[in-house]
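User: I'm new to this one and would like to learn how to read it. Can you walk me through a residue and then an interface?

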Amino acid sequence: MLSTQKISLAKVAAKAFITPLTIRTFASSAARNVSINLHEKSFESYNCEAPALDVEISKEELVRMYKSMVTMRRMEMASDGLYKAKLIRGFCHLCTGQEAVAVGMETALTAEDKIITAYRCHGFTYMRGGSITSILAELLGRKAGISGGKGGSMHMFTPNFFGGNGIVGAQVPLGAGIAFAQKYQGHKAATFSLYGDGASNQGQVFEAYNMAKLWELPAVFVCENNRYGMGTAANRSSANTSYFKRGDYIPGLKVNGMDVLAVHQAVAYAKEWTVSGKGPLLLEMETYRYGGHSMSDPGTTYRTREEIQHMRSNNDPITGLKQRLLEFNIITEDEMKAIDKAARVEVDQAVEEAKASGEPDISEFWTQIYQKGTGVPYVRGREPEEFHRY
Amino acid sequence: MSSILKKAAVVSIPNVRQALLRSNPVLASSLLAKRAYNSKNGVEMTVRDALNSALEEEMTADEKIYLLGEEVGQYNGAYKVSKGLLDKFGPKRVIDTPITESGFCGLAVGSAFAGLKPVCEFMTWNFAMQAIDQIVNSAAKTHYMSGGNVNCPITFRGPNGAAAGVAAQHSQCFAAWYGSVPGLKVVSPWNSEDAKGLLKAAIRDPNPVVVLENELMYGVSFPMSEAALSKDFVVEIGKAKIEKAGTDITIVAHSRSVGFALEAAMLLEKEGICSAEVINLRSIRPLDTETIINSVKKTNRLVTVEGGWPQYGVGSEICAQIMESEAFDHLDAPVVRVTGADVPTPYAQNLEAYAFPDTEVIARVIKRTMNKKIGA
């Protein structure tokens, strides 16, 4: 497993035989961009060139990334608490530990690009424009929820984010279809379809690969490999765990998914690849979830606490970015603490707003089965006297 | 009698008419005058050509509509329904897919989420079982689960039910399965007007619609009214059609069974047994229970006919709805279902004939029902 090593100026210089002066940073307040060198093991490629290891990025962007990850983690932690308080029912799959993937992706894409994923979707919903209140309210099954309280944890959507899908693997052909629509309509954009190591062996995933390659769709398939498909370790589910190579005729790239800048770099590369007409690409994000598969799974029966602790201590995406921000003097410790505090306040407030929202009106039970005004004349309820006429 | 509805070359008059004219020309003409065909100019079209025109007209009118499926393009369609479309619209809009139903159905649904209007063809609905998760869990349910945020204006189509001699894996009727799913609309055309009008309506409908065609009907010719020949002809989804008015008993059927029901009705009228009203459902979901109820209030007897299996089928649903409605008090006899037999379809012709209802079976059941009286 790759580890995001603490990048100190001295170490980088020692490895790369370059002097600190060649690492352009923050010479004056006028310099907005930073050039950061990624660890040499950030990428591994298959039938393509790996992206450059030096990332050019603005200070503002870095701070935004930090803020996003911190807020996302707070949001997931709040969900954890709400679930344990029995205010969230049913399924709840948290992305704690995997924040770098959603954040790194978003910063490399535009609103024109589309994303679709499976059920570990709260973080993506947030990055794609969903408010924290609407996400938490959806989990609570309230009318302020992003799906009106009718979908729950696994069914959250925004105009450029197609969920939130409950059936493992089904989102991959859907994503190929979204890419198909982009190409059909002449949009210069890409669709990123995410799935896990567990879903990677689904037949429909390979059917999607085939059509994407055959028809040269602007589709990027992203395997979020967090090493476990529910309770089954990757090497117990997959005859070939090199997920970035599973595309066969589709080139692939393995990425350190715990490093938000590596994710950012890889996604920018992938977008450019597909939009420039090279067809689909596969990305494998090596990532890790601290929590169990869902809130019903403690996550400790199939892996050791030591492993979890090791990842938290050495590979945490937020800590990794924090170290970079401090190293390069992007912001101070106090400013960072202020961001942390603001995130906590924001999420706490969103929790209160979500809780304050009522349950959906019973009238919503009957709506949106079909598009408004185009449905059936009436819908039957639980017994003949219970029905709704439109 | 059932030989009359074999696949036919284009004939100058429909087969049913032919049979009647052969048997009793005078009675036939008077009966036919009451029928609902409004063919003024005598134009006839096969069901296949009607579907082809529907596709062609809709694709001409709206760039967002595209067709995908196995052999729809270069092969001109496994059953030639999409003949000429690749030539006319090109490979961007008529797409030959690999044999991967789960994948290409999912792709079609995803493209509908993203703003296109796909027509997803399954070579037969049997193969769509590989894709049923995408039809039900992705297409049908997403508008509701997303609180109305995601739309899915997709049309799924293909031949459904029995063909001839294709045995168990290729002969299943899926009307009941899809008909039970909220979020879908399901239509089942019988004749050419149905086929054209319902397919056009399905394509224009912003919801996911399942179109259950019938392979044995593709080659059958029917008169097309002037209205039906128009580019804007649609048949309203959710409205059944009374193909033949009657007074003594109501027969409700869909798809190919409508033809058999009409033949049985004609036969019994000729024999002086009863005057049967034949309702062509046209839509499975929503089911036009109002038309059925009104008819039962008039005739007091009901027989349903379908090609699908008996348990949990279309007829079962109609029975249940009639029981729960005011029509129950108007029944003089229990409702009877005529269905496919509860067996996997056998191959041998004599056994296969035993698996699906035809005119004779329907006529027998009608006679029996006419003789029944509640409490008597």
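This is a predicted model: local features need pLDDT of at least 70, side-chain atom pairs count only at pLDDT 80 or more; totals for chains, interfaces and linings use all residues.

User: Is Val351(A) buried or exposed?

Analyst: Look at the relative accessible area: under 20% counts as buried. Val351(A) comes in at 9%, so it is buried.

User: Which residues is Val351(A) in contact with, leaving aside its neighbours within four places in sequence?

Analyst: Those are Ala78(A), Leu82(A) and Leu136(A). Sequence distance and spatial distance are separate things, too: Ile135(A) is 216 residues away from Val351(A) along the chain, yet their C-alpha atoms are 9.7 Å apart.

User: Now the interface. What is the area buried between chain A and chain B?

Analyst: Interface size is often quoted as the accessible area lost when the parts come together. Here that's about 3500 Å², with carbon and sulfur atoms giving 64%. Tyr184(A), Tyr370(A) and Gln371(A) supply 20% of what chain A buries against chain B, more than any other three residues. Chain A brings 39 residues to the contact and chain B brings 51.

User: How many salt bridges are there between chain A and chain B?

Analyst: One. It joins the side chains of Arg380(A) and Glu324(B), at 2.5 Å from N to O. There are also 21 residue pairs in polar contact across the interface.

User: Which element gives the most to chain A's side?

Analyst: That's α6(A), with eight residues. By class, chain A's side that touches chain B has 23 nonpolar, 12 polar and four charged residues.

How values were computed. Residues are numbered from 1 along each chain as its sequence is written. Chains are lettered from A and ligands numbered from 1 in the order in which they are written. Side-chain values use heavy atoms; hydrogens and water are left out. Buried means under 20% relative accessible area, exposed over 50%, partly exposed in between (1.4 Å probe, protein chains only). Contact means heavy atoms within 4.5 Å. Buried area is the accessible area (1.4 Å probe) that two parts lose on being put together, summed over both. A salt bridge is a side-chain nitrogen of Lys or Arg within 4 Å of a carboxyl oxygen of Asp or Glu. A polar contact is a pair of N or O atoms within 3.5 Å; within protein, one must be able to donate a hydrogen and the other to accept it, and residues adjacent in sequence count only if both atoms are side-chain atoms. Helices (H or I, at least four residues) and strands (E, at least two) are DSSP runs, numbered from the N terminus. Ala, Val, Leu, Ile, Met, Phe, Trp, Tyr, Cys and Pro count as nonpolar, Asp, Glu, Lys and Arg as charged, and the others, Gly among them, as polar.
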